[in-house]
Amino acid sequence: MADLKLTNVGKTYGGAVDVLRDVNLDVKKGELIVFVGPSGCGKSTLLRMIAGLESITSGMLEIDGEMVNEMPPAQRGIAMVFQSYALYPHMTVRENMAFALKIAKKPQADIDAAIEKAARMLQLTEYLDRLPKALSGGQRQRVAIGRSIVRDPKVYLFDEPLSNLDAGLRVATRIEIAQLKESMPDSTMIYVTHDQVEAMTLASRIVVLANKGIAQVGTPLELYERPENEFVAQFIGSPSMNLLPGEITGTGQQTTIALDAGGTAVSNVPTQEADMGLRVNVGVRPEDMVPAQDTPLFSGTVSFSEALGEVTLVYFEGTAPDQNTVIAKLPGVHANVRGQDMALTADPAKVQVFHDGRSMYFR
Ligand SMILES: Nc1ncnc2c1ncn2[C@@H]1O[C@H](COP(=O)(O)OP(=O)(O)OP(=O)(O)O)[C@@H](O)[C@H]1O
């Protein structure tokens with residue numbers, strides 16, 4: 001089980017297409033790191049570079065302190081699980097799991113022991129003599145994971161392993177992966193996903209990739225509670241954080257912002273006197289909007305609502321001068337709110353302030 005370190009890693013395809021630049025990341029033994037980011041931001045490219053399936057254009061990749069940039073994939077001690085499980089259809093589960101070990105000429109007793117152990121961890125024991133076609137999608141994905149576990153790799157890489165499964169199975173398999181990780185506390189895992197819930201629930205740390213680099217690295221709650229920039233603020237959480245433009249009118253331990261749309265925001269992000277008059281964007285998550293008793297942060301007419309049962313999403317269309325939609329996620333059912341006027345505010349502890357796209361909390 002291993003530490004993994006990326007130093008100024010970059011990738012250019014064909015000498016022309018710049019995909020990643022100066023990626024720096026330190027992964028400690030036992031961590032489960034999740035890569036998220038918009039489509040095409042280079043998540044799979046980065047994973048494939050770590051696996052050795054893609055060359056590294058610049059920078060350095062180290063596993064356990066050893067530079068491995070030029071090391072062939074098979075020697076890196078890395079196992080990769082893909083979204084398409086690609087099991088050998090004519091081999092049983094047992095044979096699929098044994099394949100790499102047989103190629104490596106491991107003794108049969110070791111192979112049997114490794115398969116028994118992995119099958120037990122993945123609850124596949126009763127399926128060992130079945131062919132893949134007689135398994136469900138979730139079971140096949142578990143076999144694909146089992147194939148990597150038996151090799152006892154230093155690092156596991158998962159490329160959207162659940163994206164081919166239907167919603168119910170995704171949840172079940174996600175929980176299995178979380179339990180699997182708990183049973184292997186020393187194993188290092190890197191996981192690529194589009195699914196926010198997977199990222200939030202599985203990750204020890206999330207890496208948000210955007211604009212050819214890392215937008216922020218942190219624990220799921222750090223990214224949710226203290227996004228360093230507007231990109232991460234809006235990428236993590238659903239619906240996205242509201243951003244409301246305004247101007248700082250009060251500084252100190254608390255900051256007051258007069259919003260262009262007319263409301264007043266108070267934030268616990270501290271500012272200095274020199275910040276008076278600064279143009280900023282105030283960030284408030286839809287779930288942090290609550291009915292205002294006195295001075296509202298935002299008021300508007302509801303243009304649309306969606307009742308999800310436990311919450312109601314309330315939309316205020318184009319009410320701010322920049323025509324951004326403002327969304328509030330109110331607990332419970334709010335029927336027939338369309339056309340109603342609402343005044344909302346938020347706890348100052350949950351109000352973010354961004355200047356030039358960066359959180360003022362991190363200055
Ligand atoms: N072989 C290649 N040659 C040229 N460009 C490539 C090649 N492979 C990938 N790219 C480009 O590199 C960028 C990153 O691709 P990558 O597949 O890593 O993104 P991703 O974040 O995994 O995307 P997605 O979330 O859609 O799977 C994309 O713009 C893609 O078009």
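1. A quick definition to start: a residue is buried if 20 or more other C-beta atoms lie within 10 Å of its own, exposed if 12 or fewer, and partly exposed in between, with C-beta atoms placed from the backbone. By that count, 37% of the 363 residues of the protein chain are buried. This is a predicted model, where local features need pLDDT of at least 70, side-chain atom pairs count only at pLDDT 80 or more, and totals for chains, interfaces and linings use all residues. Residues are numbered from 1 along each chain as its sequence is written.

2. Now the overall picture. The protein chain has eight helices and 22 strands; helices (H or I, at least four residues) and strands (E, at least two) are DSSP runs, numbered from the N terminus. The C-alpha trace spans about 75 × 45 × 35 Å along its principal axes. Two residues are in contact if their C-beta atoms, placed from the backbone, lie within 7 Å. Among contacts with a separation of 6 or more, 64% join residues 24 or more positions apart.

3. On to the domains, whose bounds come from an automatic or database domain assignment. Domain 1 covers 4–233 and domain 2 covers 241–362. Their C-alpha centres lie 38 Å apart. Where they meet, six residues of domain 1 are in contact with eleven residues of domain 2. The domain 1 side of that meeting has two nonpolar, one polar and three charged residues. For these classes, Ala, Val, Leu, Ile, Met, Phe, Trp, Tyr, Cys and Pro count as nonpolar, Asp, Glu, Lys and Arg as charged, and the others, Gly among them, as polar.

4. The UniProt record, an unreviewed entry, puts the annotation "domain: ABC transporter" on residues 4–236; such annotations may be inferred rather than shown by experiment, and the positions are given in the numbering used here, with feature names shortened. That span is 36% helix and 26% strand, and its end C-alpha atoms lie 25 Å apart.

5. Which residues are around the ligand? Tyr13, Gly14, Val17, Val19, Gly37, Ser39, Gly40, Cys41, Gly42, Lys43, Ser44 and Thr45, going by a C-beta atom, placed from the backbone, within 6 Å of the molecule. Strand 2 (17–27) and helix 1 (43–51) are the elements that give two or more residues to this shell. Helix 1 has the largest share, three residues. By class, the shell has four nonpolar, seven polar and one charged residues.

6. Strand 6 (residues 78–81) deserves a look. Ile78 and Met80 point one way, Ala79 and Val81 the other way, and all are buried. In a regular strand the side chains alternate between the two faces of the sheet. Strand 6 pairs with strand 7 (residues 155–159) in the parallel sense over four bridges; two strands pair if DSSP finds at least two bridges between them. Val155 in strand 7 is the bridge partner of Ile78.

7. Finally, some backbone details. Most residues other than glycine have a negative phi, and most peptide bonds are trans. The peptide bond from Ser238 to Pro239 is cis, with omega near -5 degrees. Pro239 sits in the loop between helix 8 (230–235) and strand 11 (242–250).

8. Asn211 is not a glycine, yet has a positive phi of about 50 degrees. Asn211 lies in the loop between strand 9 (205–210) and strand 10 (213–218), and counts as exposed because it has 12 C-beta neighbours inside 10 Å. Asp356 also has a positive phi, near 55 degrees, and its loop runs between strand 21 (352–355) and strand 22 (358–359). With 11 other C-beta atoms within 10 Å, Asp356 is exposed.
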